[in-house]
Amino acid sequence: MTGTSSDARLITPTMIAAWLVLATVPLWISKVGLYPYIGVEILIWSIYALAFNLVLGVSGLPSFGHGAFFGIGAYAFGLTQFNVAANLWVCLIGATLAGAVAGLLVGLFIAHRRGIYFALLTIAFGQIFWTISVKSHSITGGEDGLLNIVRLPVNLGVVAFDISDNDSLYYFVLAVFAVVTVVLWRLVNSPYGRLLSAIRQSEVRTAHLGYNVWLYKLSIIVISAGFSGFAGGLFAMAQRSAFPDVMNLAQSGLVVMMTLVGGGLVSFWGPVIGVIVFLTARDVIGAMTNAWMLYFGTMFVLLVLFRPDGIAGAFKLLVERWKARGATPSLSSAPRSG
Amino acid sequence: MALVEAEGVHVRFGDRVVLEEINLSVNEGELHGIMGPNGAGKTTFFNTLTGRVKPNRGRIRLNGEDVAGLSPHAIARKGLARSFQIMTLFNDFTAQENVMVALPAYRARGFDVRRAVAGDASFSDEANEVLASVGLAGKAGVSAKLLSYGERRALEIAVALAQRPRVLCLDEPTSGLGTDGTLRLAELIGSLKGKLTIVAVEHDMRFLFSLADRISVIHWGQVVARGTPRELQENAWVKRSNLGSFG
Amino acid sequence: MLIQATIKSSRRVFDLLPHLLNGLVLGLLLALIALGFMLIVGLMEQINLAHGSLFALGAYLALALTGPNPPLPSDLAALWLQVPLGWRYGIALIVAPCLAGIVGIAVEFCMRRTYGSDPLYGLLLTFGVALVLEEVLRLTWGTRDHVLPIPQSMSGGFIFGDLIWSTYRFYAAGMAAIVIGLVWLLIEKTPYGAMIKAGAHDSEMVRALGVNLSKLRLGVFMLGTMLAAFAGIVVAPIWGIRPHMGVDAVVPAFLIIVLGGVGSFWGAVIASLLVGLAVGVSGAYASEWSLLSMYLLLVAVVSFRARGLFGKKSMLEV
């Protein structure tokens with residue numbers, strides 16, 4: 001993700017605006033023809049997409065198998081609930097750890113690669129994890145899925161909230177989303193995050209500056225996988241089940257497309273925009289036609305060809321042009337060639 | 001004791017021998033030039049020095065320590081910095097951030113996820129110092145891809161300087177520069193002489209001859225001539241072979 | 001005791017035989033897919049993830065021509081259905097790849113913009129194209145599995161040495177072998193093939209020699225697509241037809257060119273046979289997991305030895 005310079009703020013105005021807007025969603029969502037659960041889906045997939053973008057947009061590593069981490073987190077949440085403790089925090093930690101461990105395993109095989117080989121290895125691992133989930137009927141329920149996952153209450157010691165209805169679940173996930181955005185925003189703007197961006201721009205140069213590039217790539221894969229697993233755990237809880245299909249290539253590809261369409265390659269918020277656009281389109285356009293995925297896919301192809309900066313990128317361009325209009329004539333905003 | 005020593009370095013890619021036998025030593029504080037025709041192996045030699053290529057045979061010593069075959073980041077940490085012939089700047093970063101990430105102080109906080117980079121004055125102050133030393137004082141906030149070619153060349157060197165190296169390896173630093181740019185670069189490098197050990201690969205003979213303390217000529221994968229610029233200028237063989245341009 | 005042990009082990013080998021043969025057949029079919037893929041990678045220096053969907057497209061187009069619902073106006077359709085299956089199948093074997101080749105041309109036009117830029121964009125683009133193609137297939141033919149009708153003479157089985165063998169697999173192997181042979185002839189014995197080899201090795205040189213590089217690329221892309229489509233038709237009776245079948249073709253194709261190296265004809269063929277055998281043999285011991293062995297093999301090879309058994313350094317190694 002390009003930002004010509006890092007941002008020192010822990011919480012930005014954009015964040016606050018986003019949280020405030022999102023906080024109001026349950027109030028008007030039914031009035032626009034949608035339903036409260038889509039809000040939950042959007043938030044959970046946004047966390048997933050933000051985690052995913054750590055690897056794609058920030059570090060420049062094309063992962064087409066991230067669904068594996070999301071899916072493993074979902075299964076881990078359910079399995080922890082059944083076999084360890086029916087405690088929300090324990091299960092979420094289980095989901096995160098499962099994702100991170102899977103990320104470590106995969107990372108050990110792929111962190112020294114980049115580009116096409118990296119992408120291909122992620123596809124292979126995605127297929128491996130998917131196959132294992134489908135075939136391990138006794139553990140995962142196979143194609144039938146892992147069912148009867150419960151929305152565990154949010155127990156904060158002094159007070160406990162029940163989140164079995166969609167509105168309460170929404171506010172819980174919103175709070176989680178807020179925390180995650182703060183954490184990831186800081187990570188991306190920290191020395192570690194900027195170095196990942198340096199690695200994306202030139203691995204060779206970064207290595208020659210004295211940085212152990214492999215370790216950086218491995219660590220971000222683990223972190224991204226952990227957060228993806230966390231999102232997967234939330235997802236399992238929200239839909240009360242876990243299925244293998246989030247791990248397949250098409251679904252892993254979905255998060256890639258959403259992230260790019262939204263502008264993840266150039267903006268921190270790109271993935272969130274992409275998720276909102278995708279899920280709303282799925283429900284609105286999907287209601288009208290069976291071919292909506294075809295339209296989305298075609299739009300994706302066109303964007304890759306002509307506007308890989310996505311929606312956020314187009315927005316940034318507009319803002320820049322608008323700013324340039326207000327500049328004094330002596331300043332040229334046109335880039336010099338060099 | 002020489003700061004950088006190459007002994008019997010032999011590099012082969014498949015069945016193609018690129019470096020037959022390189023014996024070279026660079027003393028501390030020296031500016032050592034490396035010349036030779038295209039394809040002679042100069043950049044490959046640089047790559048062995050900096051760890052990008054592992055020599056099939058031979059030793060490379062940095063300050064007495066054997067470094068052949070170490071990874072680039074390990075060698076960089078031992079005090080060897082390098083600039084690239086084909087510029088590899090961080091194009092999405094500003095000039096200042098390009099330099100910042102090279103600073104040892106930044107490297108020490110490479111895994112810091114808790115603090116933001118932007119607010120940290122210590123990084124930006126030091127980076128601005130380095131930028132000023134290469135003449136890019138006013139360009140700190142400019143995105144690297146918007147700088148002019150000459151400015152990018154200067155930035156390329158600034159990034160290597162920011163590492164505070166003991167040995168600075170410059171790979172064709174005048175590449176693509178016009179007379180003006182080359183003069184300015186010569187001034188800059190001249191100002192660094194004595195403070196650092198510099199190894200420079202170059203095609204521009206006038207540039208090299210005016211700055212280098214000693215020059216090694218690499219041809220057919222070996223060092224075929226070595227000496228001070230004056231000695232080499234007298235060397236008939238060097239004069240006869242078309243080893244580089246005079247400007 | 002020794003005689004008994006020998007009989008036992010030879011019986012075990014004997015049991016393995018059908019799996020080995022299945023593996024060989026699979027290997028030949030994979031070689032078809034991989035060769036098309038390799039030609040494109042070698043010349044275009046781009047990875048084409050859509051190759052798998054073109055493979056699937058071939059199968060579906062053949063289904064349209066040989067199945068009960070040909071896409072023709074009803075009286076023509078009725079006439080068409082009168083033609084014996086054998087003829088329709090034969091025609092499909094030729095027509096479907098040609099049609100797929102046309103689609104391939106369209107894909108190549110799209111890809112042109114990404115030449116020379118970060119390979120990531122080529123990857124993302126062909127991924128998107130693959131998805132779009134799959135959606136088209138899904139919308140047209142539905143998500144359920146289809147079966148490709150094959151002529152009576154090619155179907156069924158026969159008994160040989162205590163085992164039942166599938167007739168079709170021998171035909172499939174034969175067809176694959178013939179086409180592989182034709183590809184070899186093209187590449188090694190024709191001036192066109194020489195241009196392809198030269199272009200893969202050094203595109204600048206080829207351009208300087210006056211060869212129209214974009215026409216060459218287009219031609220190669222079409223050829224590669226047609227090979228994939230043909231492979232789809234031949235594989236369909238064995239694997240079944242589903243919109244998603246492309247992935248199981250393109251991933252091994254990649255594995256094979258990594259194993260065999262980009263630019264080596266025999267490398268691709270031998271690697272294909274090896275992968276086919278690996279899948280076939282693992283099918284003997286754990287049939288549920290045999291496809292998985294392919295992915296595991298990919299991980300092992302690409303992680304540790306990306307240059308392959310015969311290959312030269314290629315653009316894939318960024």
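Predicted model: local features only at pLDDT ≥ 70, side-chain atom pairs only at ≥ 80, totals over all residues.
Two pairs of chains are in contact, and the pair formed by chains A and B shares the most contacts. Chain B and chain C, by contrast, are not joined by any contact, and their closest C-alpha atoms are 10 Å apart.

The contact between chain A and chain C draws on 31 residues of chain A and 33 residues of chain C. On the chain A side, two or more residues come from each of helix 4 (88–110), helix 5 (115–135), helix 11 (249–262) and helix 13 (292–306). Helix 5 of chain A is the one that gives the most to this side, with 13 residues. By residue type, the side of chain A that touches chain C comprises 22 nonpolar, 7 polar and 2 charged residues.

Turning to chain C itself, the model shows 12 helices and 2 strands. Read from the N terminus, the order of these elements is α-α-α-α-α-β-β-α-α-α-α-α-α-α. Chain C has 318 residues, of which 46% count as buried. Among the contacts in chain C with a separation of 6 or more, 78% are accounted for by residues 24 or more positions apart.

Helix 2 (residues 51–66) and helix 9 (residues 213–239) of chain C have axes that come within 7 Å and cross at roughly 55 degrees. The crossing of helix 2 of chain C past helix 9 of chain C is right-handed. Helix 2 of chain C contributes C:His51, C:Leu54, C:Phe55, C:Ala56, C:Leu57, C:Gly58, C:Ala59 and C:Ala62 to the contact, while helix 9 of chain C contributes C:Thr225, C:Ala228, C:Ala229, C:Phe230, C:Ala231, C:Gly232, C:Ile233 and C:Ala236. Taken by type, the residues of this contact are 12 nonpolar and 4 polar, with no charged residue.

Chain B is divided into two domains: domain 1 covers 1–79 + 166–247, and domain 2 covers 91–164. Where the domains touch, 10 residues of domain 1 of chain B meet 8 residues of domain 2 of chain B. Strand 7 (167–171) and helix 7 (179–192) of chain B each bring at least two residues to the domain 1 side. Helix 7 of chain B supplies the largest share of that side, 4 residues. The domain 1 side that touches domain 2 of chain B consists of 7 nonpolar, 2 polar and 1 charged residues.

A:Val188 belongs to helix 7 (residues 166–189) of chain A. This residue counts as buried because 24 C-beta neighbours lie inside 10 Å of A:Val188, where the cut-off for a buried residue is 20 or more. A:Val188 and A:Ser6 are separated by 182 residues in sequence, yet their C-alpha atoms are 8.1 Å apart in space.

Note on methods. Residues numbered from 1 in each chain as written. Chains lettered and ligands numbered in written order. Domains from an automatic or database assignment. Contact = placed C-beta atoms within 7 Å. Nonpolar A, V, L, I, M, F, W, Y, C, P; charged D, E, K, R; others polar. Buried ≥ 20, exposed ≤ 12 C-beta atoms within 10 Å, placed from the backbone. Axes fitted to C-alpha atoms, helices over the stretch in contact; angles between N-to-C directions. Left-handed = near helix turned anticlockwise from the far one by under 90°.
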